[in-house]
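Subject: Structure handover

Hello,

Here is the structure I promised to pass on. Please open it first, then read my notes below.

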Amino acid sequence: MKYGMRKPSIKKSIAARTKGQATRAIKRAVIPGYGKKGMGVLHPKRALYNKVYHKTTFSLWDLFK
């Protein structure tokens, strides 16, 4: 498990804003419940990992908030 600042990646950041955004929009339209709160019930192990990861790490951009 990582602690501290995440290493920034310009390439991944751009990908998340372009293709990722389109992919999520399509999935939201097709799959009921996609992106809704509480979907961690389907993958409890992943949900727990993600919760801990997001509480123990921070982004470079979080420093400017």
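Read from one end of the sequence to the other, the protein runs β-α-α-α-β. That makes three helices and two strands. Please keep in mind that this is a predicted model.

Overall shape

The radius of gyration is 14 Å, whereas a compact globule of 65 residues would come out near 11 Å. Along the principal axes, the C-alpha atoms fill a box of roughly 35 × 30 × 20 Å.

Pockets

The largest pocket has a volume of about 430 Å³. Its lining consists of 15 residues. Which of them lie nearest the centre of the largest pocket? They are Gly-38, Met-39, Gly-40, Ala-47 and Asn-50. Sorted by class, the lining of the largest pocket holds six nonpolar, six polar and three charged residues.

The second largest pocket has a volume of about 320 Å³. Part of its lining comes from Arg-6, Lys-7, Pro-8, Ser-9, Ile-10, Lys-12, Ser-13 and Arg-17. Ser-59, Leu-60 and Trp-61 also line the second largest pocket. By class, that lining has four nonpolar, three polar and four charged residues.

Aromatic pairs

How many aromatic pairs does the count give? The count comes to two aromatic pairs. One of them joins Tyr-49 and Tyr-53, and this pair is stacked. Their ring centres are 6.1 Å apart, with 15° between the planes. Stacked requires planes under 30 degrees apart, so the 15° of Tyr-49 and Tyr-53 qualifies. Both tyrosines lie in helix H3, which covers residues 44–56. Tyr-49 and Tyr-53 are four residues apart there, about one turn of the helix. Tyr-49 is partly exposed, because its relative accessibility is 44% and that class runs between 20% and 50%.

Trp-61 and Phe-64 form a pair that is tilted, because their planes stand at 40°. The ring centres of Trp-61 and Phe-64 are 6.1 Å apart. Both Trp-61 and Phe-64 are exposed. Note that Trp-61 also lines the second largest pocket.

Helix H2

Helix H2 covers residues 19–30, and Ala-29 is found in it. Is Ala-29 buried or exposed? Ala-29 counts as exposed, because its relative accessibility is 69% and the cut-off is over 50%. From Ala-29 to Met-39 is ten residues in sequence and 16 Å in space, C-alpha to C-alpha. Met-39 is among the residues nearest the centre of the largest pocket.

Arg-24 is also found in helix H2. At 35% relative accessibility, Arg-24 counts as partly exposed. Arg-24 and Tyr-34 are ten residues apart in sequence. Their C-alpha atoms are 8.5 Å apart in space.

Ile-26 lies in helix H2 as well. What does its accessibility make of Ile-26? Ile-26 counts as exposed, since its relative accessibility is 55%. Along the chain, Ile-26 and Lys-51 are 25 residues apart. The C-alpha atoms of Ile-26 and Lys-51 are separated by 25 Å.

That is the handover.

Best regards

Terms used:
Residues are numbered from 1 along each chain as its sequence is written. This is a predicted model: local features need pLDDT of at least 70, side-chain atom pairs count only at pLDDT 80 or more; totals for chains, interfaces and linings use all residues. Side-chain values use heavy atoms; hydrogens and water are left out. The radius of gyration is taken over C-alpha atoms; the globule rule is 2.2 Å times the number of residues to the power 0.38. Buried means under 20% relative accessible area, exposed over 50%, partly exposed in between (1.4 Å probe, protein chains only). On a 1 Å grid over the protein atoms alone, a cavity is a set of points where a 1.4 Å probe fits but cannot get out, and a pocket is an open set with protein on both sides within 12 Å along at least five of seven lines; lining residues have an atom within 4 Å of a point. Grid points are joined across faces, edges and corners, and a volume is the space filled by probe spheres set on the points. Ala, Val, Leu, Ile, Met, Phe, Trp, Tyr, Cys and Pro count as nonpolar, Asp, Glu, Lys and Arg as charged, and the others, Gly among them, as polar. Rings of Phe, Tyr and Trp (its six-membered ring) pair if their centres lie within 6.5 Å; planes under 30 degrees apart count as stacked, over 60 as edge-to-face and the rest as tilted.
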